[in-house]
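Subject: Structure handover

Hello,

Here is the structure I promised to pass on. Please open it first, then read the notes below.

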Amino acid sequence: MRYVHRILLDKLEVGFKSNRIIIVVGSRQVGKTTLMNMFRNGIPEDYKSFYFNLEDINSLDVCQDINKLKAYLSNNSVNIEEQKVFLIIDEFQYIDNATKLFKIFYDLYPNVKILASGSSSIEAQKHLKESLAGRKRIYNLYPLNFAEFVRFKSESEFDRYKKLGFLGVSSVFIETYNRDFLKDYLTFGGYPKVALLDNNIERIEELLDIYNSYVQKDIKSLIKGENISAYNNLLKILSSQVGNLLNVHELSNTLRIGRRIVEKYLSILEQTFIIKLLPPFSSNRRTEIVKMPKIYFMDSGLVNSSLGNFGEFDYRPNIGSITENFVFCEIIKYKPVYYDVKYWRTKNGTEIDFILSGNDELIPIKVKWKRFTKPVVPKSIVAFFNKYRNTKKAVIVTKAYCDQIKLQGKYIYFIPAVLLSKFLSKK
């Protein structure tokens with residue numbers, strides 16, 4: 001089987017050096033099992049490794065009981081008090097008391113390392129109690145970022161791509177990435193199985209399978225006996241509102257379900273990594289929006305699948321929101337852990353798409369999906385500079401234009417969307 005490197009793999013190696021139980025969470029079909037197998041292939045030779053997929057009833061039976069698991073290891077010629085062991089546990093949420101199992105191994109058997117995966121943060125939090133504080137580290141695995149997508153499509157092209165910076169690249173060169181990779185990525189998304197397919201009909205069928213599996217396995221268990229039809233309708237409405245403010249009251253009236261049910265379904269969608277709600281940035285409640293979040297999806301393929309629209313990208317009526325959604329996802333996947341991301345909007349309509357805050361700095365990021373022939377700074381960037389004078393830099397995400405200028409003593413970078421990760425990874 002062909003494995004393609006994921007950036008999270010490097011973080012896992014660092015996590016284990018810090019002596020932690022590592023938990024990887026992410027939506028179904030995002031590549032968790034493949035990632036774990038790739039990690040297993042790189043485990044040092046002085047460790048013995050064991051893989052358990054808990055959707056298999058025999059593996060689940062072994063892992064449900066500490067004594068059965070110890071007996072299983074003993075029957076495979078492993079003495080966990082003397083030998084180094086890696087336990088790789090896929091879909092750990094099926095264990096009745098995962099906390100107890102993990103804690104025993106961590107506290108009593110330091111030779112045993114654990115890498116586990118789960119399909120939602122709801123299940124992770126439900127099964128991992130506070131008694132594991134200081135013992136675990138949780139990582140999110142998302143659909144492919146753009147660089148990973150390029151690598152899935154072409155190793156040779158990825159070798160060229162990874163050498164690029166975020167400035168000084170010709171617009172002609174960037175347009176080739178927009179044409180050959182970005183349009184494809186924004187239409188069919190970044191689920192690995194979808195990315196590896198070339199036939200568009202097969203891609204659409206795979207996306208439908210991913211969504212149906214998600215509803216049948218995750219959602220039915222989380223909304224037991226409730227209105228799955230309303231849940232599906234909510235997802236369709238949200239797909240048409242990507243990048244917009246989220247009004248729970250309006251959703252409640254449209255779907256004819258209670259506000260609390262809408263809020264519950266939104267929470268489930270967010271904690272199963274389908275959507276993400278972006279809160280507002282504010283220091284002045286009188287002049288800035290401070291309540292409603294904006295809605296984004298973690299995969300554009302699921303948005304298009306929900307809308308039933310896989311038409312030619314350049315003629316899509318929602319091209320602006322889809323590219324803004326792309327920028328949001330790149331920020332989430334690449335921003336340093338100590339940075340927050342929010343949006344800024346004043347009550348008179350002045351708006352910055354994203355505000356990156358951390359390390360004592362604010363970085364406004366504005367998406368302008370159009371052709372630039374010279375650097376033009378949006379008025380909203382100037383307004384933000386005037387209000388937050390400690391801001392030292394800003395980013396304008398463009399279609400293909402690269403540049404760097406100085407305004408009011410602050411650097412403004414014009415960065416093509418396909419190169420934004422280059423800027424973020426240097427933070």
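Asp360 sits in the loop that joins strand 9 (351-358) to strand 10 (361-367). Helices (H or I, at least four residues) and strands (E, at least two) are DSSP runs, numbered from the N terminus. Asp360 is not a glycine, yet its phi is positive, about 60°. Most residues other than glycine have a negative phi. Asp360 is exposed, with a relative accessible area of 76%. Here buried means under 20% relative accessible area, exposed means over 50%, and partly exposed lies in between (1.4 Å probe, protein chains only).

Glu91 also has a positive phi of about 60° without being a glycine. Its place is the loop between strand 3 (84-90) and helix 5. Glu91 counts as buried, at 7% relative accessibility.

**What you are looking at**

This is a predicted model, in which local features need pLDDT of at least 70, side-chain atom pairs count only at pLDDT 80 or more, and totals for chains, interfaces and linings use all residues. Residues are numbered from 1 along each chain as its sequence is written, and side-chain values use heavy atoms, with hydrogens and water left out.

**The whole chain**

The protein chain has 18 helices and 13 strands. Its radius of gyration is 23 Å, close to the 22 Å that the globule rule gives for 427 residues, so the chain is as compact as a globular protein of that length. That radius is taken over C-alpha atoms, and the globule rule is 2.2 Å times the number of residues to the power 0.38. Along the principal axes, the C-alpha atoms fill a box of roughly 70 × 50 × 45 Å. Of the 427 residues in the protein chain, 54% are buried.

**Salt bridges**

Side chains of opposite charge can pair when their charged atoms come close. A salt bridge here is a side-chain nitrogen of Lys or Arg within 4 Å of a carboxyl oxygen of Asp or Glu. The search of the whole structure finds 18 of them.

One of them joins Arg160 and Glu157, at 3.1 Å from N to O. Both residues lie in helix 8 (residues 155-161), three residues apart, so about one helical turn separates them. Arg160 is partly exposed, with a relative accessible area of 43%. Glu157 counts as buried, at 14% relative accessibility.

Asp159 pairs with Lys162, and their closest N and O atoms are 3.6 Å apart. Asp159 is partly exposed at 34% relative accessible area. Lys162 is partly exposed too, at 47%.

Arg179 and Asp180 form another salt bridge, with the closest N and O atoms 2.9 Å apart. Asp180 is partly exposed, with a relative accessible area of 41%.

Which residues are linked in a network of salt bridges? They are Lys294, Glu324, Arg345 and Glu351.

**A negative patch**

Asp198, Glu202, Glu205 and Asp209 gather on the surface in a patch of negative charge. Patches are made of residues with over 30% relative accessible area and no salt bridge; like charges are joined within 9 Å, and nonpolar side chains (Val, Leu, Ile, Met, Phe, Trp, Tyr) within 5 Å. Lys and Arg count as positive and Asp and Glu as negative, while His and the chain ends are not counted. Glu205 belongs to helix 11 (residues 200-222). Glu205 is partly exposed, with a relative accessible area of 46%.

Tyr106 is in helix 5 (residues 98-108). Tyr106 is partly exposed, with a relative accessible area of 24%.

Cys63 is in helix 3 (residues 57-63). Cys63 counts as buried, at 0% relative accessibility. The C-alpha atoms of Cys63 and Phe52 are separated by 8.1 Å, with the residues eleven apart along the chain.

Best wishes

Methods. Areas by Shrake-Rupley, 256 points an atom, 1.4 Å probe, with all protein chains shown as cover. Charge placed at Lys NZ, Arg CZ, Asp CG, Glu CD.
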